[in-house]
Amino acid sequence: MSFSSEVKKELIVITPKARHCQTAELSAMTGFLGKKDKKIDGEKIYIASDNTDISRKFFTLSKKTISISENGMEHPEEQQECCRKSYLRGAFLVAGSMSDPNKSYHFEIVCHELPQAKRVCDVMRTFDTDPHIVERKGHYVVYLKEGSQIATILGVMGAPKAYMELENIRILKDMRNSVNRQVNCEAANIHKTVSAAVRQAEDIACIENHGGLTQLPENLREAALLRLEYPDLSLEELGKRATPPIGKSGINHRLRRIGQIAERIRNQEDKS
Ligand SMILES: [Zn+2]
């Protein structure tokens with residue numbers, strides 16, 4: 001079963017207790033049914049949805065509320081919170097869908113007209129979400145693209161199981177991303193360490209080939225010999241092996257001076 005169907009399975013069995021909420025949900029369902037599913041004949045509305053679950057819920061809600069009119073909720077965003085939740089549930093059941101959050105985050109409700117879409121947006125905004133509208137094949141689609149906002153709306157409509165499932169997926173995705181970031185960062189650091197060590201080895205070789213390491217002051221010669229002996233060690237580890245041991249910045253300073261000496265030798269070579 002698709003994630004969308006799972007959400008609907010959770011929502012279809014909810015019957016709000018209060019009559020105002022029943023009316024809100026029923027009016028949303030009526031408003032969102034397509035032309036082929038409903039026929040308005042004066043005061044009467046005939047419902048003939050292909051979806052038997054929808055028809056059954058419609059019947060249940062109709063029985064509980066004496067009469068509804070399609071425009072019974074002109075401004076649902078001004079209604080009580082409980083009714084706004086019911087309104088969104090009714091709208092989603094009839095005209096909503098969402099993608100599998102394992103693949104992407106997308107939640108939408110397809111509206112017949114722009115005012116209807118704006119109304120849905122207004123209601124959704126009262127629950128701290130930021131929906132957008134896009135026109136598609138003569139319809140107006142209200143959609144959410146952010147995982148946390150979709151989770152919020154699932155909770156609002158009354159689908160705690162789907163809400164938990166989405167939140168778990170979101171946590172896993174976040175964890176995977178942060179692990180990837182960390183791995184990339186470590187790889188970059190290793191690369192930096194290696195390329196610095198290679199450059200240092202080249203500097204030392206350069207000095208050795210031009211007069212030898214004996215020309216270096218004692219502390220620099222020690223650093224050079226340590227680097228040659230331990231080409232893979234980090235600066236910190238290299239510093240620990242000096243006599244007496246020195247810190248990372250100390251060994252770094254010595255290797256930088258070696259680099260400057262090698263640079264001078266190279267410059268002189270270029271001139272001559
Ligand atoms: Zn209510």
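Good morning. The model I shall present today is a predicted one.

Let me begin with helix α10, which covers residues 248–271. Two of its residues, Arg266 and Glu263, are three residues apart, about one turn of the helix. Their side chains meet in a salt bridge, with 3.2 Å from N to O. Glu263 has a relative accessible area of 40%, which lies between the 20% and 50% limits, and therefore it is partly exposed.

Which residue is it? Arg266 also forms a salt bridge with Asp203, and here the closest N and O atoms are 2.8 Å apart. This pair links distant parts of the chain, since Asp203 belongs to helix α7 and the two residues are 63 residues apart. Are these two partners buried or exposed? Arg266 counts as partly exposed, at 26% relative accessibility. Asp203, by contrast, is buried, because its relative accessible area of 7% falls under 20%.

I turn now to the salt bridges elsewhere. A search of the whole structure finds 13 of them. One joins the side chains of Arg241 and Glu237, at 3.5 Å from N to O. Arg241 is partly exposed, with a relative accessible area of 37%, and Glu237 is likewise partly exposed, at 29%.

Helix α7, where we met Asp203, spans residues 160–209 and also contains Met175. Together with Ile171 and Leu172, Met175 forms a nonpolar patch on the surface. The accessible area of these three residues together is about 290 Å². Met175 itself is partly exposed, with a relative accessible area of 48%.

For contrast, please consider Met29, in helix α2, residues 19–32. Met29 is buried: its relative accessible area is 0%. Met29 and Tyr87 are 58 residues apart along the chain, yet their C-alpha atoms are separated by 8.0 Å.

Next, a pair of helices. Two packed helices are described by the angle between their axes and the distance between the axes. For helix α1, residues 3–12, and helix α4, residues 81–95, the axes come within 10 Å and cross at roughly 135°.

In the loop between α9 and α10 we find Pro244. A cis peptide bond joins Thr243 and Pro244, with omega about -10°.

The other two loops each hold a residue with a positive phi. Asp128, in the loop between α5 and β5, has a phi of about 60° although it is not a glycine. Asp128 is exposed, with a relative accessible area of 71%. Lys137, in the loop between β5 and β6, has a phi near 50°, again in a residue other than glycine. At 78% relative accessibility, Lys137 counts as exposed.

To close, I would ask you to find Arg266 in the structure, with its salt bridges to Glu263 and to Asp203. Thank you.

Technical notes
Residues numbered from 1 in each chain as written. Predicted model: local features only at pLDDT ≥ 70, side-chain atom pairs only at ≥ 80, totals over all residues. Heavy atoms only, no water. Patch = residues over 30% accessible without salt bridge, like charges linked within 9 Å, V, L, I, M, F, W, Y side chains within 5 Å. Areas by Shrake-Rupley, 256 points an atom, 1.4 Å probe, with all protein chains shown as cover. Salt bridge = Lys/Arg side-chain N within 4 Å of Asp/Glu carboxyl O. Helix = DSSP H or I, 4+ residues; strand = E, 2+ residues; numbered from the N terminus. Buried < 20%, exposed > 50% of the residue type's maximum accessible area, 1.4 Å probe, protein only. Axes fitted to C-alpha atoms, helices over the stretch in contact; angles between N-to-C directions.
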